[in-house]
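Here are my notes for someone opening this entry for the first time. Have a look at the fold, then at the ligand site.

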Amino acid sequence: MKEIVRWPLYAANWKMYKTSSEAEAFMQEFLPLLGDHDNEVVICPAATLLAVVAQAATGSCVVVGAQNMHWQTEGAFTGELSAAMLKDAGASYCIVGHSERRQLFHEQAADVAKKAQAALAAELTPIICLGETLEQRESGQTLQVLHDDLQASLAGIAPTVQVVIAYEPVWAIGTGQVATPQDAEEACAHIRASLREIWGELADAVRILYGGSVKPGNIEALMACPNVDGALVGGASLNAESFAAIANCE
Ligand code: PGA
């Protein structure tokens with residue numbers, strides 16, 4: 001048991017996978033596999049599936065999150081979705097600043113901060129992602145990068161436990177190369193210490209997830225780390241059995 005109770009949180013990031021019938025089939029298989037525990041389970045499907053998954057999750061402990069959002073409340077932003085729209089479709093969480101968005105769609109930390117602010121204003125809990133690249137790790141910049149990115153991604157946000165931070169080393173995402181528990185703990189402890197510098201004591205109540213090649217076989221060792229409070233799971237969350245094995249880890 002950790003000193004401060006931070007309930008484990010397991011978030012599935014489905015990325016650009018699954019149609020509505022596939023999402024329904026997943027939920028039908030997944031829900032009965034969930035154990036009787038207080039873990040929080042969030043499924044982040046494509047925006048087109050938010051209402052489908054929210055509907056299928058009714059009456060269960062599973063809630064729904066989006067994968068991205070725009071920071072404006074409305075306007076002429078073709079193709080974008082506001083926090084209020086995502087909430088309307090059933091979301092209560094939203095991933096912001098995923099490394100795929102930062103790398104492939106050129107999102108900057110300042111954009112991430114604006115998205116997190118807008119999410120909070122609409123009562124969506126932002127899951128703010130950050131993590132170093134392989135190059136940054138190999139040149140010894142990991143801790144500095146995490147500190148700076150955290151600070152920039154939280155710019156203008158008042159201290160709140162309604163945010164979740166996800167430590168996702170870029171080199172571990174979708175590669176099968178999971179961080180060792182020691183590396184995950186070092187990074188997450190450093191993120192918490194940086195958060196304490198910015199937000200004070202409240203940092204101890206904020207949940208920090210690990211993400212990057214999480215599988216049923218490595219989740220227990222990761223969750224044994226004092227500063228790892230859950231996981232953001234990509235590939236292994238697409239299969240009901242494997243995501244249930246992860247989400248049942250207490
Ligand atoms: P992965 O993805 O579990 O497939 O490595 C994690 C993520 O991108 O959030």
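1. Some ground rules. Contact here means heavy atoms within 4.5 Å. Axes are lines fitted to C-alpha atoms, for helices over the stretch in contact, with angles from 0 to 180 degrees between N-to-C directions. Helices (H or I, at least four residues) and strands (E, at least two) are DSSP runs, numbered from the N terminus. The model is predicted, with local features needing pLDDT of at least 70 and side-chain atom pairs pLDDT 80 or more, while totals for chains, interfaces and linings use all residues. Residue numbers start from 1 along each chain as its sequence is written, and side-chain values use heavy atoms, without hydrogens or water.

2. Start with helix α1 (residues 20-30), which lies across β2 and β3 and runs at about 165° to β2. Helix α7 (residues 142-153) also packs on the sheet, where it touches β5 (125-130) and β6 (164-167) and makes about 150° with the direction of β5.

3. Now the barrel: eight strands, β1-β2-β3-β4-β5-β6-β7-β8, close up with parallel pairing (two strands pair if DSSP finds at least two bridges between them). On average, neighbouring strands are turned by 25° against each other, direction ignored. As one example, β2 (residues 40-44) and β3 (residues 62-66) share three bridges, and Val41 has Val62 as its bridge partner in β3.

4. Finally, the ligand. Its oxygen atoms sit 2.7 Å from a side-chain N or O atom of His98, and 2.7 Å from a backbone N or O atom of Gly174.

Technical notes
A polar contact is a pair of N or O atoms within 3.5 Å; within protein, one must be able to donate a hydrogen and the other to accept it, and residues adjacent in sequence count only if both atoms are side-chain atoms.
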